[in-house]
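Thanks for coming, everyone. Let me put the model up first, and then we'll walk through it.

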Amino acid sequence: MALPWRRHLLTLTVAACVVTIASTGIAGASGSDQARVASSGETLAKSGSAKFRGTTTSDGGGGKVTFDGTVDFDNGAAEYSVDVASIGLQGTGKVKVLLVGGVMYLSLDALEGGDPSSNPALTGKKWLRLDPQVFGGGGEIGQSDPKSSVGALKGVKGDVKRVGGEQVRGTRTTRYRVTIDAQQAVDNAPDDQRAEVRNSVMALGSDSIPADVWIDGKGRLRKVRLHVAASQSTAKGTVAFEYFDLGTGVHVEEPSASEAIDFLDVLGETPTTGGSG
């Protein structure tokens, strides 16, 4: 069964990888702006959890997608909801997305074609399971674990520019304009995290990623906006996240195996990084 999902899954997974990039940083910050930016994600993560609002935009009239959720930094998990129509899928209402253990789960109830009448394999299933690892780590799917991209901000170059003070949801912040070197981020990551960091930064479509970062008076990341380059599977645009209500209660539970079905099992296809929907 050919579902119209493959092309639009990237919208969700790129957003997820931005959660990972934004949620972690580098220990041992000094007083320099570069070190402050590099450690801001780690300082935010010490809050344990947060609510967030994500926004993706596409150049050329592609529209804006907004999604809201919570992230559990301690357990490396997140959940959010996004309007089905806004990401080009067939269905009504909002689709819920869970990110647990580096795997993405999409609720089937809001998606057209996500019922047993369209595919008997969906009987008793509530979630579509997408494991980025089966797509060969090519970067087009990216890494979806909220804490996997520990090394992403290690790619921040030295040409950090302090733009000035700005308010983010009523909190005073300092805004910085930076560039993330994708290869530097990978090279500086621990050996056991390099594949995950590579997937995350490659999903942004460029070796050099411009970004704006907003940091509060306690050194915590409050907003990040990254510029996504045009590629075979992504349109040029931006992905932004705002973090608020730090320390909020979060409980993300992984669906049972009996309630989830793998994405490729639904499609009846073999893993690929270059297919179109």
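By contact I mean heavy atoms within 4.5 Å. Take the contacts in the protein chain between residues at least 6 apart in sequence: 62% of them join residues at least 24 apart.

A word on ground rules. This is a predicted model, so local features need pLDDT of at least 70, side-chain atom pairs count only at pLDDT 80 or more, and totals for chains, interfaces and linings use all residues. Residues are numbered from 1 along each chain as its sequence is written, and side-chain values use heavy atoms, with hydrogens and water left out.

Now the overall layout. The protein chain has 5 helices and 12 strands. Those are DSSP runs, numbered from the N terminus: helices are H or I with at least four residues, strands are E with at least two.

Next, burial. Buried means under 20% relative accessible area, exposed means over 50%, and partly exposed is in between, using a 1.4 Å probe and protein chains only. The chain has 277 residues, and 51% of them count as buried. Its accessible surface is about 11,700 Å², and carbon and sulfur atoms hold 45% of that. Those areas come from the Shrake-Rupley method with a 1.4 Å probe; for residues, only the protein chains shown count as cover.

On to the inside. A nonpolar core is a set of buried Ala, Val, Leu, Ile, Met, Phe, Trp, Tyr and Cys residues joined through side-chain atoms within 4.5 Å. Which residues have the most contacts inside the largest core? They are Val 37, Val 178 and Tyr 243, in a core of 50 residues. Another core lies apart from it, with 8 residues, including Ala 77, Tyr 105, Trp 127 and Val 252. In soluble globular proteins, nonpolar side chains tend to be buried together.

Let's look at the rings. Rings of Phe, Tyr and Trp (its six-membered ring) pair if their centres lie within 6.5 Å; planes under 30 degrees apart are stacked, over 60 edge-to-face, and the rest tilted. The count is 7 aromatic pairs. Phe 52 and Phe 241 have ring centres 5.3 Å apart and planes at 50°, so this pair is tilted. Phe 52 sits in strand E1 and Phe 241 in strand E11, so the pair ties together parts that are 189 residues apart in sequence. Both Phe 52 and Phe 241 are buried. Phe 52 also pairs with Tyr 243: centres 6.5 Å apart, planes at 55°, so tilted. Phe 52 has a relative accessible area of 1%, and Tyr 243 has 1%. Ring pairs join Phe 52, Phe 67, Phe 73, Tyr 80, Phe 241 and Tyr 243 into a cluster.

Stay in this area for Gly 69. Gly 69 lies in strand E2, residues 63-72. Is it buried or exposed? At 11% relative accessibility, Gly 69 counts as buried. Beyond its neighbours within four places in sequence, Gly 69 contacts Ala 50, Lys 51, Phe 52, Glu 79 and Tyr 80.

Side chains of opposite charge can pair when their charged atoms come close. A salt bridge here is a side-chain nitrogen of Lys or Arg within 4 Å of a carboxyl oxygen of Asp or Glu. We get 13 salt bridges. Lys 51 bridges to Asp 245, with the closest N and O atoms 3.3 Å apart. Lys 51 is in strand E1 (49-58), while Asp 245 is in the loop between strands E11 (237-244) and E12 (260-262), 194 residues apart. Lys 51 is partly exposed at 30%, and Asp 245 is partly exposed at 43%.

Another one: Asp 212 and Arg 225 meet at 3.8 Å, N to O. Asp 212 lies in strand E9 (208-216) and Arg 225 in strand E10 (221-228), so the bridge ties together parts 13 residues apart in sequence. Asp 212 is buried at 3%, whereas Arg 225 is partly exposed at 23%.

Last item: charges over rings. That needs NZ of Lys or CZ of Arg within 6 Å of the ring centre and within 35 degrees of the ring normal. The charged end of Arg 169 sits over the ring of Phe 244, 4.0 Å from its centre. Lys 223 lies over the face of Trp 214, 4.5 Å from the ring centre.
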